[in-house]
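Work through the exercises below with the coordinates loaded. Each task is followed by a stepwise solution.

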Amino acid sequence: MTSAPASTPAPVLIDAHHHLWDLDRRPQPWLDDPDLTSIRRTFTPDDLRSTATRPVAGRHLHGTVAVQCMPEVPETEDLLALAEREPLIEAVVGWADLTSPAIGETLDRLLAGAGGTYLRSLRHLVQGETEPAWLQRPDVERGLAAARDRGLSYDVLVRSHQFDQAIRLAERFPDLPQVLNHAGKPDIAGRDLAKWREQVRRLAAHEHVVCKLSGLITEADHDSWTTADIRPVWDVLLTSFGPDRLMFGSDWPVANLAGGWNRWAATVDELLTDCAESEIHALLAGTATAFYRLPARG
C-alpha cells in the first residue's frame, strides 16, 4: 500500500500585526502627536481590505491578527466583539492590567465575553515604561502567569535598551509563548545595528520565543528607505530565528507613515526571493497560525 501524499499547505497570507481604531467611538490620544497627522482618522477592516491588495509570493491577504493600541480593557472588548462579526480577523492581541490583583478575573471575563474565544495574547507597551526591569516586577510576573495559565501568549513590545527585560522574561517563563513585536525596533535609520544584532541572537536562543517581521519601515527613514536598508535586519532575523519562528506583519495603518501596506508587502516579496516554498509558507502563514492558534488550512 502506498501512503497518501502529504497535504500541501494552502497558499494564504496572514497579517499577524495590524491595528484598527474608530475615533468616534474611542479616542486615541497618542495620535495627537503632530507627526501622526496623516493617520489621525478612523481605520476599519474594510479600509484594510481595500488597501492590502499587493500579493506576497503570490499569496493574497486571507486573515489577520488585530492588536491593541490603548492600555484599556474596553478597547480590547471592542476588538473582540469586532472579531466575532468580521471574518478577516482571526485573533486579537488585547490588553489587561498585568499589575492588577484582579488580573485573573479580568481575563476570565474577557474570555467569556463577546468574541472572547478570539483573545489569544496580551500586550503591554513596555516601550513606554521607564522602570528598567518592568517585566520582572513581581506583580507583572503574577499577571503573566495568570495569562499563561489561561492558555494565552504574550506579545513583547520593547525598544533596544529594554532587551535585557525580554531576555529575562524568556528565561523566567519558558512555558509562556512569546513573540517579539517589530523585531525589537532596530535603529535602521541610524544604521546602528551591532548591539541589536547581539541582543536578538541572545533572545532567539530561547526556542519558545518567535518574532514578527513587522514595524521595520517606520524605524527606517520614512521618506528614503529602500529594501537595501531592511535587508541587514532581515538577514539577522532569518539566521537567528529561522523562517519557522518568523511571521509577517504589516503594522498597518502605522505603516502608512513610511510607505504603507503594499510597499511593505512588495519588500517582503523581494526578501523572500531565495527562500524555499516551505520557508515562505512558514513566514507568511504557518508561524502565525501555530502561535496564535488560527484556523487550520489544508
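Which residue just after α9 takes a positive phi? R293 does, with a phi of about 55°. The model is predicted: local features need pLDDT of at least 70, side-chain atom pairs count only at pLDDT 80 or more, and totals for chains, interfaces and linings use all residues. Residues are numbered from 1 along each chain as its sequence is written, and side-chain values use heavy atoms, with hydrogens and water left out.

**Exercise 1. Check the span of helix α9 and find its bend.**

Step 1. Helix α9 covers residues 277-292, 16 residues. Helices are DSSP runs (H or I, at least four residues), as strands are (E, at least two), numbered from the N terminus.

Step 2. The expected span is 1.5 Å times one less than the number of residues. For α9 that gives 22 Å. The end C-alpha atoms are 22 Å apart, so the two agree.

Step 3. Now the axis. α9 bends by about 55° at L283. The bend is the angle between axes fitted to the seven residues ending there and the seven starting there.

Step 4. List buried residues (under 20% relative accessible area; exposed is over 50%, partly exposed in between; 1.4 Å probe, protein chains only). In α9 they include L283, L284, F291 and Y292.

**Exercise 2. Classify the aromatic pair W21 and W30.**

Step 1. A pair of aromatic rings is described by the distance of the centres and the angle of the planes.

Step 2. Set the cut-offs. Rings of Phe, Tyr and Trp (its six-membered ring) pair if their centres lie within 6.5 Å; planes under 30 degrees apart are stacked, over 60 edge-to-face, the rest tilted. The whole structure holds 5 such pairs.

Step 3. W21 and W30 lie 5.3 Å centre to centre, with 85° between the planes. The pair is edge-to-face.

Step 4. W21 is buried at 3%, while W30 is partly exposed at 31%.

Step 5. Ring pairs link W21, W30, F43 and W252 into a cluster.
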